[in-house]
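This report describes one protein chain for a reader who has not seen it before. Please look over the sequence and the model before reading on.

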Amino acid sequence: MPTKRIDRKCQQLENFFHVFKKHIHKKNSNQIIVDFCSGGGHLGLFLAYMFPDCTVKLVENKEESLNFAIKRINQLNLKNCIVYKVKTN
């Protein structure tokens with residue numbers, strides 16, 4: 001990924017984190033976050049890491065992207081992620 005894109009992606013993830021942390025309540029550890037069109041899981045896996053008491057569901061239709069996300073889930077040893085492959089017509 002080009003450096004310029006990495007910088008933008010990091011800023012995007014940081015902004016999403018600040019929005020989510022206002023809505024994730026520590027008292028309720030059974031909260032579910034759904035990342036639709038998750039691609040390789042940049043946002044969903046970041047949120048799964050930052051909020052380990054939440055369940056994060058990644059929803060994607062591209063198998064290659066999901067395989068990349070699954071590889072990253074395993075590398076990070078994340079236990080709070082569920083991956084869904086959606087069929088498209």
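Where is the place of asparagine 77? Asparagine 77 sits in the loop between α3 and β3 (81–85).

## Basis of the description

The model is predicted: local features need pLDDT of at least 70, side-chain atom pairs count only at pLDDT 80 or more, and totals for chains, interfaces and linings use all residues. Residues are numbered from 1 along each chain as its sequence is written, and side-chain values use heavy atoms, with hydrogens and water left out.

Helices (H or I, at least four residues) and strands (E, at least two) are DSSP runs, numbered from the N terminus.

## The nonpolar core

A nonpolar core is a set of buried (under 20% relative accessible area, 1.4 Å probe, protein chains only) Ala, Val, Leu, Ile, Met, Phe, Trp, Tyr and Cys residues joined through side-chain atoms within 4.5 Å. The largest one has 16 residues, and Ile33, Phe51 and Cys81 have the most contacts inside it. At least two residues of this core come from each of α1 (3–23), α2 (42–50), β2 (55–60) and α3 (63–76). The largest share, four residues, is supplied by α2.

Beyond its neighbours within four places in sequence, isoleucine 33 is in contact with residues including Phe20, Leu47, Phe51 and Val56; contact means heavy atoms within 4.5 Å.

## Residues in loops

Most residues other than glycine have a negative phi. Asparagine 77 has a positive phi, near 55 degrees. Cysteine 37, in the loop between β1 (32–36) and α2, also has a positive phi near 55 degrees. Cysteine 37 is exposed (over 50%), with a relative accessible area of 70%.

Asparagine 30 lies in the loop between α1 and β1 and is exposed at 64% relative accessibility. Its C-alpha atom is separated by 6.8 Å from that of aspartate 53, 23 residues apart along the chain.
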